[in-house]
Amino acid sequence: MSAPDVSTTQRAPRTSGPAAPAGGPAADGFRPSLRAAALVHRGLLRAVGLLLLLAVVVTFGLYLWQRMAADRDDCLKPIGEAWTGPTHCGTELFGYQNAASWYRLLSNEYGLWLITAAVLAAVVAAGPLVARELESGTFRLAWTQSQTPARWLTVRLAVFGAVAAVVGVVIVGLLRFVRVTSRDIMPWYDTDTFPALGPVLVAYLLLGVAVGSLVGLVLRRVFLSMSVAALVTAGVLAGLSELRPYLWPTESRQWLHEQNWPALPNSYPVRDGWLHADGHRMPWRWETCQRQNHDVVDYHRCLEGEGIVGRWNEFHPASHFWPLQLVETGIVLALAALAVFVSLRVLRKIAP
């Protein structure tokens with residue numbers, strides 16, 4: 001009796017499902033890579049979460065402090081109302097006056113929120129996120145095991161971009177809450193206030209992440225990258241704040257000297273000047289026909305001698321808030337996208 005044919009009776013075990021991708025575990029999708037990046041930088045994510053929680057607690061804590069202060073009723077009496085007796089307003093250490101002063105600091109220092117958040121986003125992206133791994137050489141482990149260089153960078157930008165967006169939305173919500181509940185508020189067109197009241201702030205945080213990653217890839221030194229990223233981000237903020245009045249067409253008014261100054265409540269002044277008899281406009285100059293001893297007759301006689309018959313100005317009404325917000329947001333996001341594109345090009349030179 002002959003032995004059975006092994007080749008026909010024993011077969012190789014069949015595998016269930018498709019074969020594993022050749023690129024390693026991370027090649028199956030971004031989800032494992034996202035989890036890995038979140039795990040590597042969990043300390044940073046926790047720190048950001050704690051800072052955001054602290055901002056929420058401080059904001060609502062100050063709000064409740066001023067709402068529940070024992071001397072609030074004394075301090076909020078209408079101006080001009082006769083006092084019926086001694087008041088305790090301002091005498092309590094934890095009274096309304098001190099609470100309102102701290103709360104007013106939140107409502108009048110929007111620029112501090114914006115600059116701090118955007119610069120921190122750039123510093124974190126430039127240093128701990130990118131430059132630290134390039135400087136220490138730990139990036140090689142990820143590149144050779146399971147991730148391509150492009151995926152390595154994309155995953156980090158995705159994780160911290162999402163975190164920056166969430167932080168921006170929460171900050172905008174807090175600042176809008178402070179603006180509604182504060183007695184002293186800055187105009188909507190104030191240089192620091194405007195970007196903190198809409199999507200522009202979120203866009204600036206995303207720009208900070210993009211610029212920080214680009215600087216980190218170029219310089220590859222932690223502290224140098226953090227410093228340069230902070231300076232570049234602050235420079236972009238300052239530059240766009242100067243361009244902001246010209247991002248949307250302005251409205252114009254002109255009037256003669258005998259007419260009353262037109263009321264433009266809650267409007268963003270951009271330019272003004274003198275109006276000549278022939279309709280020509282010239283920029284306003286302080287030294288032009290200054291009143292001497294408050295002599296109105298001599299003042300108007302001087303203006304007539306200069307051929308000046310009135311004034312003009314250009315401004316943004318309150319209805320221009322959202323057009324200005326959306327245009328500036330688009331510009332900032334375009335700059336962020338450009339920074340990401342350049343980062344990917346630089347990465348190709350580092351790891352061809």
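A search of the whole structure, a predicted model, finds 4 salt bridges. One of them joins the side chains of Arg244 and Glu328, at 2.7 Å from N to O. This pair links distant parts of the chain, 84 residues apart. Arg244 is in the loop between α10 and β1 (251–256), and Glu328 is in helix α12. Both partners are buried: Arg244 has a relative accessibility of 3%, and Glu328 has a relative accessible area of 0%.

A salt bridge also forms between the side chains of Glu314 and Arg271, with an N to O distance of 2.3 Å. Glu314 lies in strand β4 (residues 308–316) and Arg271 in strand β2 (residues 268–276), so this contact ties together parts 43 residues apart in sequence. Glu314 counts as buried at 14% relative accessibility. Arg271 is partly exposed, at 36%. A network of salt bridges links Arg271, Arg281 and Glu314.

Asp272 and Arg311 meet through their side chains in a further salt bridge, at 3.3 Å from N to O. Asp272 is in strand β2 and Arg311 is in strand β4, so the pair ties together parts 39 residues apart in sequence. Asp272 is partly exposed, with 32% relative accessibility, whereas Arg311 is buried, with 13%.

Tyr63 and Phe177 form an edge-to-face pair, with 5.0 Å between centres and 75° between planes. The two residues are 114 residues apart, Tyr63 in helix α3 and Phe177 in helix α8 (residues 149–181). Tyr63 is buried, with a relative accessible area of 18%. Phe177 is partly exposed, at 24%. The rings of Trp188 and Tyr189 lie 5.7 Å apart by their centres, with planes at 85°, so this pair is edge-to-face. Trp188 is buried, at 5% relative accessible area, and Tyr189 is partly exposed, at 23%. Ring pairs join Trp188 and Tyr189 with Phe194, Tyr268, Phe321 and Trp322 in a cluster.

Nonpolar packing was then considered. In soluble globular proteins, nonpolar side chains tend to be buried together. The largest nonpolar core here has 53 residues, and Leu201, Tyr204 and Leu217 have the most contacts inside it. Helices α3, α5 (96–108), α6 (110–136), α8, α9 (199–219), α10 (222–243) and α12 each supply at least two residues of this core. Leaving aside residues up to four places away in sequence, Leu201 touches Leu114, Gly168, Ile171, Val172, Leu175, Pro195 and Ala196. A second, separate core has 7 residues, including Trp188, Phe194, Leu247 and Tyr268. Among these, Trp188, Phe194 and Tyr268 also belong to the aromatic cluster.

Leu45 is located in helix α3 (residues 42–68). Leu45 is partly exposed, with a relative accessible area of 25%.

The mean pLDDT of the protein chain is 77, and 73% of its residues reach 70 or more. Confidence is highest in helix α12 (residues 321–350), at a mean of 92, and lowest in helix α1 (residues 6–9), at 42. Over residues 1–28, pLDDT stays under 50. For that segment, the model has 12 contacts beyond four places in sequence.

Notes
Residues numbered from 1 in each chain as written. Predicted model: local features only at pLDDT ≥ 70, side-chain atom pairs only at ≥ 80, totals over all residues. Heavy atoms only, no water. Helix = DSSP H or I, 4+ residues; strand = E, 2+ residues; numbered from the N terminus. Buried < 20%, exposed > 50% of the residue type's maximum accessible area, 1.4 Å probe, protein only. pLDDT = per-residue confidence, 0-100. Contact = heavy atoms within 4.5 Å. Phe/Tyr/Trp six-rings, centres within 6.5 Å; stacked < 30°, edge-to-face > 60°. Core = buried A, V, L, I, M, F, W, Y, C linked by side-chain atoms within 4.5 Å.
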